[in-house]
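User: Please take me through this structure by question and answer, with the criteria behind each term stated as you go.

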Amino acid sequence: MKVGIIGAGTMGSGIAQAFAMTEGYEVRLCDIKEEFAQGGLAKIEKNMKFLVGKEKITQEQADAILGRIKIGLNDICADCDLVVEVALEKMEVKQSIFKQLQDIVSKDCIFASNTSSLSITEMSEGLDRPVVGMHFFNPADRMKLVEVIGGKNTPAELIAKIKEISIEIGKTPVEVNEAPGFVVNRILVPMINEAIGVWAAGTASAEDIDVAMQLGASHPMGPLHLGDLIGLDIVLAIMEVIHGKTGDDKYAPQPKLKELVAAGKLGRKSGEGIFVYNK
C-alpha cells in the first residue's frame, strides 16, 4: 500500500515512520516546501540512528525503513492508496488540502485526517469522497493508540478499513463517534488546562503540580510537562474547539494558556512554555 503523509512536522514524520516500519507500505512524506519534507525525513533518520545505537533494530532494517520513504510536494501522492493529512489544526487548511488532493489522486484513494478535535463531517463538505479520522498520538512511531473517527457520511466499511490498517502497522484502533475532542483529548486537554489554572492561581509550583499528579494519580508525566510536549498552541486550539462546540464554559481556555501562546511560549518546540528547555 502506498501512503501519502501531508505535513512533515513532528507528528507527520512520526506517522510516516510508523507506516514505513511495516513491510508492504511505501510512504510519500510531503509538505508545502521540499525543504520542510527534507526536515521531516531528517527527524526519521535521527530516530533510525538512535534505534540502531540502542540495538533495537539493525542497520539493514533502518536502511530498509528509510528506503520506503520518498519526499516531495503533494503531487508525489498521485498513486497513493491512502492519504493522511497532518496539517495545522484549522478547518480551512484541512479542507483546502483535501480539495487540492482530489484533483491529484485517484477516485479510490482514501482520505484520512489526523485531526485531534475537528469535525470529520464538516471536513468532508464539498469533497468528492468521505473523510475518516485517523488520529495518532505523539510520538506517533511509538504510541499504540489510533482513534478512528467517522463523520455522518463516513461508510462503515471505510472505518473498518482504517482499523485494519492500524492493526497492520502495530497500532490499537479505538472506534470513536464524532464529538468535540473525541475521547482522549476531551478528557486529557481540559485536565492540562485546569492544571495551568491551578499553577496560575499560585496553588503550587509547576514542578510540584506535576509531581503531585505523577505520584498521586500514577501519571507517567505531569500535565504541565505534557502540555509543553503536545504544544501549548495545540492545547489552546483544542480547548477552543471543545468550548465553541459545546458552549460549556467549563471548557474555556485558561487566561494563562492564552498569554503563553500569545508570547510564543509554546513548549518544547519553541524552547520555552510552562518550563524552559534547551533549544
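**Salt bridges and fold**

Analyst: A search of the whole structure finds 14 salt bridges, a salt bridge being a side-chain nitrogen of Lys or Arg within 4 Å of a carboxyl oxygen of Asp or Glu. The model is predicted, so local features need pLDDT of at least 70 and side-chain atom pairs count only at pLDDT 80 or more, while totals for chains, interfaces and linings use all residues. Residues are numbered from 1 along each chain as its sequence is written, and side-chain values use heavy atoms, with hydrogens and water left out.

User: Which residue meets K94 in a salt bridge at 2.5 Å, N to O?

Analyst: K94 is buried, where buried means under 20% relative accessible area, exposed over 50% and partly exposed in between, with a 1.4 Å probe and protein chains only. The side chain of K94 also meets that of E89 in a salt bridge of 3.5 Å, N to O, and E89 is buried as well. The partner at 2.5 Å, N to O, is likewise buried, and this residue is E85.

User: How many residues apart are E259 and K256 in helix 11?

Analyst: The side chains of E259 and K256 meet in a salt bridge of 3.2 Å, N to O. E259 is partly exposed because its relative accessible area is 48%, and K256 counts as partly exposed at 25%. In helix 11 (residues 255–262), the two are separated by about one helical turn, because their spacing in residues is three.

User: Which strand does strand 7 join through six bridges?

Analyst: Helices (H or I, at least four residues) and strands (E, at least two) are DSSP runs numbered from the N terminus, and two strands pair if DSSP finds at least two bridges between them. Strand 7 (residues 145–150) runs parallel to its partner, and V148 stands opposite E175 there. The partner, residues 172–177, is strand 8.

User: What radius of gyration does the protein chain have?

Analyst: The radius is taken over C-alpha atoms, and the globule rule is 2.2 Å times the number of residues to the power 0.38. The C-alpha trace spans about 55 × 45 × 30 Å along its principal axes, and buried residues make up 49% of the 279 residues. For 279 residues a compact globule would have a radius near 19 Å, so the chain agrees with that expectation, at 19 Å.
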